[in-house]
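Hello,

Here is the structure I promised to pass on to you. Please have a look at it first, and then read my notes below.

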Amino acid sequence: MHIINELDAGGAERVLTRIACHNARNSDPDAPCQIVVSLMDEGVYGPDLIEAGVELHCLGMTSGIRDLPAAIFRLSRLMRREKPDAIMSWLYHSDFIATLSALLSGRGTRRLAWNIRCAEMDLAQYGRSTRIVLGLLAKLSGRPAIIAANSHAGQRHHISCGYHPRKWAYLPNGFDTDEWHPDPGAKYRLCKQIGITPDKYLIGMVARKDPAKDHATLFEAIRLVRAQGHDAHLVLIGHETDALIIPDELDGHVSALGLRRDVAALVPGFDIAVLSSSFGEGFPNVIGEAMACGVPAIGNDVGDVADILGGTGKTVPLHAPDKLANAIVELLTEDVDSRNYRKTAARMRIIDHYSLRAMNDRYLALWDGLAGKRDLPDFDFPGTDSSK
């Protein structure tokens with residue numbers, strides 16, 4: 001049983017959907033049945049889960065604290081009825097509610113894993129309830145059988161917040177490289193769709209409108225790139241990006257497409273993929289997805305971006321539009337052989353280190369450990385002692 005705040009378009013939601021659908025479609029009779037509980041509604045990914053045969057329950061919470069007791073009661077009742085062998089909660093509010101519900105249901109927390117999906121957060125940008133819940137979770141962090149994180153940065157940050165789990169596990173994201181793949185015709189189709197000529201450089205970022213994504217830095221970087229004489233056009237994909245205020249200097253040079261369901265068909269059309277996030281990222285999916293498509297990527301030095309890139313792209317400091325612009329120009333002006341090598345190396349790094357199969361094997365082993373079918377696995381963070 002997976003428990004998550006909501007199923008709108010976000011990185012954690014996308015990975016949960018990926019892993020649940022993959023196992024639901026598995027023809028192996030021993031593949032675990034997947035149950036997903038959204039504290040809110042079915043959001044963007046609910047239909048995908050249902051189509052794949054995942055059992056979906058929506059508790060109908062709003063953002064108000066008044067719904068909390070009813071949600072805990074409904075979830076504990078669902079746990080008593082379904083008797084899940086393993087319970088995995090995703091994101092802070094779900095960790096809190098799942099822990100209380102597991103205790104109330106009688107299933108206990110020995111079957112529970114928290115799944116941390118972020119690194120250092122600027123909590124001033126979010127609601128008071130998030131700050132309160134994080135403090136409570138630090139106190140409760142010894143309750144679940146194991147706490148997983150998808151990044152080194154996420155583990156380090158939560159230890160600094162007072163997390164003291166019985167055991168840590170490293171669960172990096174994985175990608176379906178059949179879905180995310182190079183497509184030589186993608187740029188022509190994307191340019192036609194947004195009404196520009198294909199001789200322009202397409203710089204793309206897939207990220208919702210959110211303070212963490214720092215679109216202001218990206219806008220200034222693109223302005224600087226264009227000021228250096230490079231005909232760059234920015235493509236923004238993500239929830240409410242079509243509501244962003246575009247600077248006057250970039251009028252006609254930005255296409256904000258909003259939320260899209262065909263992102264895997266659009267990303268291969270980018271010349272460069274960028275992530276300008278200034279905080280909150282652990283293991284950003286969008287970097288791995290671009291790399292799987294053979295698109296060179298540039299990311300701010302947040303979370304595990306540098307580790308994921310592995311030298312196939314570039315990292316730049318936070319809030320540094322000049323450095324971001326310089327990195328973009330460096331990649332745009334590479335010779336053909338260097339660029340082709342970079343594109344191939346990026347895709348091969350995802351295939352070799354972050355495949356969907358490798359991710360799924362780790363999740364299956366962890367779930368089996370929670371179910372008591374084997375010892376909980378030792379998925380140490382590379383280069384660290386996960387018991388510390």
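Let me begin with alanine 20, which counts as buried at 0% relative accessibility; here buried means under 20% relative accessible area, exposed over 50%, and partly exposed in between, with a 1.4 Å probe and protein chains only. Before going on, please note that this is a predicted model, in which local features need pLDDT of at least 70 and side-chain atom pairs count only at pLDDT 80 or more, while totals for chains, interfaces and linings use all residues. Residues are numbered from 1 along each chain as its sequence is written, and side-chain values use heavy atoms, with hydrogens and water left out.

Alanine 20 sits in helix 1 (residues 11-24); helices (H or I, at least four residues) and strands (E, at least two) are DSSP runs, numbered from the N terminus. Leaving aside residues up to four places away in sequence, alanine 20 touches His2, Gln34, Val36, Leu49 and Val54, where contact means heavy atoms within 4.5 Å. Alanine 20 and histidine 2 are 18 residues apart in sequence, and their C-alpha atoms are 8.6 Å apart in space.

Next, helix 13. This helix covers residues 336-353, 18 residues in all, and reaches 26 Å from its first C-alpha to its last, close to the 26 Å expected at 1.5 Å a residue; the expected span is 1.5 Å times one less than the number of residues. Which of its residues are buried? They are Arg339, Arg342, Ala346, Arg347 and Ile350. Seen down the axis of helix 13, these buried residues fall within an arc of 120°, so they line one face of the helix (the arc is that of the directions from the helix axis to the C-beta atoms). Helix 10 (285-292) and helix 12 (321-332) are among what covers them. On the other side of helix 13, Asp337, Tyr341, Thr344 and Asp352 are exposed.

Helix 10 also turns up around the largest cavity, giving the most to its lining with 4 residues. The structure holds 1 cavity of 30 Å³ or more, and the largest cavity has a volume of about 80 Å³. On a 1 Å grid over the protein atoms alone, a cavity is a set of points where a 1.4 Å probe fits but cannot get out, and a pocket is an open set with protein on both sides within 12 Å along at least five of seven lines; lining residues have an atom within 4 Å of a point. Grid points are joined across faces, edges and corners, and a volume is the space filled by probe spheres set on the points. Strand 8 (201-206), strand 11 (272-275) and helix 10 each supply at least two residues of the cavity lining.

There is an open space to look at too: the second largest pocket has a volume of about 410 Å³. Of the 20 residues that line this pocket, Met1, Pro32, Cys33, Asp85 and Ala86 are the closest to its centre. Helix 14 (356-370) and strand 4 (87-90) are the elements that give two or more residues to the lining.

Finally, a note on the backbone. Most residues other than glycine have a negative phi. Leucine 91, however, has a positive phi near 85°; it lies in the loop between strand 4 and helix 4 (92-105) and is partly exposed, with a relative accessible area of 23%.

Best wishes
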